[in-house]
Amino acid sequence: MIKVDASLCLGCLSCSNVCPSQNIVRTQTGEMRSIHWKRCKEECDLCVEFCPAKALTLVPFDETVPEPDVSFDLVACKICGSRYATEPMLRRIEAVLPANLQKDSEGLEWIRVCPVCRRNIEAERVTRQMVLGRSRKSP
Amino acid sequence: MPVYIDISRCIGCRSCEVACQRVHGGSGHINVHFVGDFASVPIFCHHCEEASCTMACFSGALHKEGDRTVFDVEKCTGCGLCQLACPFGVVRANKIAHKCDLCEGLAEEPTCVTTCPANALSTDFELASRRARSRAARAAAHGGKR
């Protein structure tokens, strides 16, 4: 059976992805992500091993313990407002990346921007560069 | 070696997208974006020197091998941290991560490069600046007019 430390869980769904018996159930609506660990009798610890936050432990089976549930509000992109990640996941990215990589050349804190907007920003930046280059060549 | 782009040459035909999808079983890693009427820009992995996706990957699935950022599918848990750590939004994760592999083991050269009919993509970092220099030289030879 799996014990969950909800304060450590990132809500990344690694455990649910690697579970061979679909005992870790995910539900995602537009604004929320929930993870539900079924009481499992397996002695398998794949989810424990693959948890990036070390939030899971294998404990002896006990029927009286309630099945753990964790829910996260998804964070909204600061440009388009679409919900794209859990807060602990973004905090984790902010913790592992060096500070100089967390802002782009124009000072944008891109970690708080969704991947779709990041691609659009990159396309616009490259286009500006090209247009600038052209006007420099033929004034 | 990574793929470089000379966007002044891109004609927005999306052949690179199709080629990438064909080689990678239907899920491609390159997307052509259209910016107003100005430009079409293929967006794909830069194989960054300081690759944030590899820093965020806790299992070692994404890592640097020389100047390439490579992905070991066996180690991926699908946590999606790499997707959130990519400043350009070009690492995708849907139960498993996928990103540009430069067609390693699938083709001799990246298929987007060999397919591009406008020669906008190349694996030669110097090519775009050589082209710019020769354009300038041609212009000078024609009395400054192009």
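**Stop 1: chain B from end to end**

Select chain B and follow the sequence: the pattern reads β-α-β-β-α-β-β-α-β-β-α-β-α. That gives five helices and eight strands. Keep in mind that this is a predicted model. Show the C-alpha atoms alone. Along the principal axes, those of chain B fill a box of roughly 60 × 30 × 30 Å. Of the 146 residues in chain B, 38% are buried. Now think about contacts between residues at least 6 apart in the sequence of chain B: 53% of them join residues at least 24 apart.

**Stop 2: two domains**

Colour chain B by domain. Domain 1 takes residues 1–44 + 100–146, and domain 2 takes 47–97. How far apart do the C-alpha centres of domain 1 and domain 2 of chain B lie? The answer is 23 Å. Six residues from domain 1 of chain B and seven residues from domain 2 of chain B form the contact. On the domain 1 side, five of these residues are nonpolar, none is polar and one is charged.

**Stop 3: where chain B meets chain A**

Show both chains. The contact uses 29 residues from chain B and 30 residues from chain A. On chain B, select strand S2 (31–35), strand S3 (39–43), helix H2 (52–56) and H3; each supplies at least two residues to the side that touches chain A. Which element of chain B gives the largest share of that side? It is H3(B), with four residues. By class, the chain B side has 16 nonpolar, 10 polar and three charged residues.

**Stop 4: the largest nonpolar core**

Select A:Cys47, B:Cys53, B:Leu81, B:Cys82 and B:Cys112. In the largest nonpolar core, which has 69 residues, these five touch the most other members. Helix H3 of chain B (residues 81–85) gives the most to this core, four residues. Domain 1 (1–44 + 100–146) and domain 2 (47–97) of chain B both give residues to the core, so the core lies between them.

Zoom in on B:Leu81. Leaving out residues up to four places away in sequence, B:Leu81 touches A:Cys12, A:Pro52, A:Met89, A:Arg92 and A:Ile93 in chain A, plus B:Ala56, B:Cys57 and B:Phe58 in chain B.

**Stop 5: a helix of chain A**

Three of those names come up again here. Select helix H3 of chain A (residues 87–96): its buried residues are A:Met89, A:Arg92 and A:Ile93. Why do they sit on the same side of H3(A)? They cover an arc of only 100° around the axis, which puts them there. The buried residues of H3(A) pack against strand S6 (83–86) of chain A, together with H2 and H3 of chain B.

**Stop 6**

Most residues other than glycine have a negative phi. Two residues to look at next go the other way.

Select B:Leu102. It is not a glycine, yet its phi is positive, about 55°. Find B:Leu102 in the loop between strand S7 (97–98) and helix H4 (111–115) of chain B. Is B:Leu102 buried or exposed? B:Leu102 is buried, because 23 other C-beta atoms lie within 10 Å.

Finish at B:Asn119. Here too phi is positive in a residue other than glycine, near 55°. B:Asn119 lies in the loop between H4 and strand S8 (121–122) of chain B. B:Asn119 has 12 other C-beta atoms within 10 Å, so it counts as exposed.

Conventions:
Residues numbered from 1 in each chain as written. Chains lettered and ligands numbered in written order. Predicted model: local features only at pLDDT ≥ 70, side-chain atom pairs only at ≥ 80, totals over all residues. Core = buried A, V, L, I, M, F, W, Y, C linked by C-beta atoms within 7 Å. Buried ≥ 20, exposed ≤ 12 C-beta atoms within 10 Å, placed from the backbone. Domains from an automatic or database assignment. Contact = placed C-beta atoms within 7 Å. Nonpolar A, V, L, I, M, F, W, Y, C, P; charged D, E, K, R; others polar. Arc of directions from axis to C-beta.
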